[in-house]
Amino acid sequence: MSVWTLYEVFVRSKHGLNHKHVGSVHAADSAMAIENARELYTRRSEGVSLWVVPSALITASSPDEKDPLFAPADDKVYRHASFYELPEEVGHM
Amino acid sequence: MYAQLVETGVKRIKSLDEMSAEERNFQEKIDAEIKIEAKNWMPEAYRQTLIRQISQHAHSEIVGMLPEGNWVTRAPSLKRKLQLMAKIQDEAGHGLYLYSAMETLGADRDQEIDKLHSGKAKYSSIFNYPTLSWADMGAVGWLVDGAAIVNQVVLQRTSYGPYSRAMIRICKEESFHQRQGYEMLLTMMRHGTQAQKDMVQDSIDRLWWPALMMFGPSDDNSPNSAQSMAWKIKRQSNDELRQRFVDQTIPQLELLGCTVPDPDLKWNESRGHYDFGEIRWDEFYEVLKGNGPCNQERVATRRKAIEDGAWVREAAVAYARKQQNKNAA
């Protein structure tokens, strides 16, 4: 089956939600990937929409870059609403 | 379930002090219950052990379709036939979730399947027993899938992320299998003829011990367990899981009005568990070695399926290329 392409599968579980990665399938082309994904990941009404993407086309961040990429956000507490203390009289804001 | 006797290739577990910085960092993550993901650094032995365990598990799901496939055309009603086909399709799905998880470790699916066909890779010993009557479809669902659930529920917390996520999906579906099996047996025991009731008891008599063997060797004979536990690839010992299975199954057995072929089975008030007799380990190791009643037939059937399907896979690729060229033109 290695002659077939590996596709990553994303399922939208219901209208209004985003597609979420669920796993992968092998297929000869993208139409077959959709059919295989339907059989494999939505046998019990788990979804209303499917995306398939050839795995080779996905660019992922590397675990080594975790700190340079994500650590700078950690000390920027002023980006969160809860950082700002307001008097009670203001009410809900 | 479905992984019995997985080699780790490790003779002795290293202490944190003996580890390299990378190894220590890895082990500390595991100790802190942080999941390991595909792109994270991992010791080669961890990777290889996982590939062996997940492929063995996947092969079990795939070979596990065969004893049930035996009864599809002979199901007693359309309802039972649909249920059985849905269950078999789930087993195929479980195999595929697991092969996908295995591929994230850099293993090649075809190569691992070749190992199954050449007898190098194992699958659960249980599937080397024949399914001789319709009642076996019920007993397999209840006992075999029941034993699988006990094993797989703990594996949901396994340290490798893709394996753990596959287990979560599988557990959700597996409970349908067990319930439909038990309901089938209950229907025969409550509404069936004497011949049907005898068929249920005969099925339990044949499958009880093989079901207990699914948990693998006893703890004294599990040389690989310590490393697998330290890596949290395995989370509870074979004997602990086997005991849990017996404890939860015997009340269900009594409700059916059946017995198991074990004169030593009895409730032990002081332990708060059932005591049970010694498993015939010589039989277990023989089946694992390839000498069970159906080993050769199972592997031959799988090999034939792959070989007979080769032209379909090739045709699909040729068609996809043709479409691609047409779109490019």
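Let's start with salt bridges: a search of the whole structure turns up 23 of them over all chains. A salt bridge here is a side-chain nitrogen of Lys or Arg within 4 Å of a carboxyl oxygen of Asp or Glu. Side chains of opposite charge can pair when their charged atoms come close. Keep in mind that this is a predicted model, where local features need pLDDT of at least 70 and side-chain atom pairs count only at pLDDT 80 or more, while totals for chains, interfaces and linings use all residues. Residues are numbered from 1 along each chain as its sequence is written, chains are lettered from A in the order in which they are written, and side-chain values use heavy atoms, with hydrogens and water left out.

Now find K87(B), which forms a salt bridge with D145(B), with the closest N and O atoms 3.1 Å apart. This pair links distant parts of the chain: K87(B) sits in helix α4 (residues 78–103) of chain B and D145(B) in helix α6 (residues 135–155) of chain B, 58 residues apart. (Helices are DSSP runs of H or I with at least four residues, strands are runs of E with at least two, and both are numbered from the N terminus.) K87(B) counts as buried because its relative accessibility is 1%, and D145(B) counts as buried at 1% too. Buried means under 20% relative accessible area, exposed means over 50%, and partly exposed is in between, using a 1.4 Å probe and protein chains only.

Next, look at R206(B) and D202(B), whose side chains meet in a salt bridge at 3.1 Å, N to O. Both lie in helix α8 (residues 194–213) of chain B, four residues apart, which is about one turn of the helix. R206(B) is partly exposed at 25%, and D202(B) is partly exposed at 38%.

Finally, head to where the chains meet. The contact (heavy atoms within 4.5 Å) takes 21 residues from chain A and 20 residues from chain B. Between chain A and chain B there are four salt bridges. One to look up is R43(A) with E173(B), where the closest N and O atoms are 3.0 Å apart. On the side of chain A that touches chain B, β2 (19–27) and α1 (30–41) of chain A each supply at least two residues.
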